[in-house]
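Here are my notes on this model, as numbered points. Please read them with the coordinates open.

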Amino acid sequence: ANVVLAGPKAQRWKCECDAPEICTSCRQSPFHHRASCSEVQALREGWLEWVRRGRMEFRGEVRAVTEREKAHALALQESLQRHAELEKDEAWKAAHCRVCPN
C-alpha cells in the first residue's frame, strides 16, 4: 500500500505491516515522543555516547561507591569487635585483679 505522508505537524504513523511507528514530518523511526524533529539526531547521538562510554563510567562510579561502602562497613565491624574485646578485658580485670593498697 502506498501512503502519502504530508503536513507540517509531526504525527505518529503506524503501518498495517507492524513496522515501527514513524514521524510523518521527518520520517524518523521510531517515532520521537516529546522531542521535536530537529532534536532527534542530537538525542540519538547522546544516547549512543551513553551506551558506548557513559554507562561504563557510571557503573564504574557505582562500583567505586559500593567498594567504599564495603570498606566502611568492614572498618565499622572491626571497630565494634575491638570495643567488645576491650569491654570483655575490662570486665575480666575487674573480677580478677585487686587494687594494690600501697
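1. In the protein chain, where is confidence lowest, and where is it highest? Strand β1 (residues 12-13) is lowest, at a mean of 82, and α1 is highest, at 88. The scale is pLDDT, the predictor's confidence in each residue, from 0 to 100. The chain mean is 83, and 89% of residues reach 70 or more. Where pLDDT is low, the predicted coordinates should not be read in detail.

2. Ground rules. This is a predicted model: local features need pLDDT of at least 70, side-chain atom pairs count only at pLDDT 80 or more, and totals for chains, interfaces and linings use all residues. Residues are numbered from 1 along each chain as its sequence is written, and side-chain values use heavy atoms, with hydrogens and water left out.

3. Helix α1. Helices (H or I, at least four residues) and strands (E, at least two) are DSSP runs, numbered from the N terminus. The 60 residues of α1 should span 88 Å at 1.5 Å a residue; the end C-alpha atoms are 84 Å apart, which agrees. The expected span is 1.5 Å times one less than the number of residues. Still, α1 has a kink of about 50 degrees, centred on Val51. That bend is the angle between axes fitted to the seven residues ending there and the seven starting there.

4. His32. This residue sits in the loop between β2 (22-23) and α1 (37-96). Its relative accessible area is 10%, so His32 is buried (buried is under 20%, exposed over 50%, partly exposed in between; 1.4 Å probe, protein chains only). Beyond four places in sequence, His32 contacts Cys23, Cys26, Cys37 and Val40 (contact: heavy atoms within 4.5 Å). A polar atom of the His32 side chain lies 2.8 Å from the backbone oxygen of Ala35.

5. Cys37. This residue belongs to helix α1. Cys37 is partly exposed, because its relative accessibility is 27%. Its C-alpha lies 6.2 Å from that of Cys26, eleven residues apart along the chain. Neighbours within four places aside, Cys37 touches Ala10, Cys23, Ser25, Cys26 and His32.

6. Arg44. Helix α1 also holds Arg44. At 30% relative accessibility, Arg44 is partly exposed. Its contacts, not counting residues up to four places away, are Gln28, Ser29 and Pro30.

Note on methods:
Polar contact = N/O pair within 3.5 Å; in protein donor to acceptor, adjacent residues only side chain to side chain.
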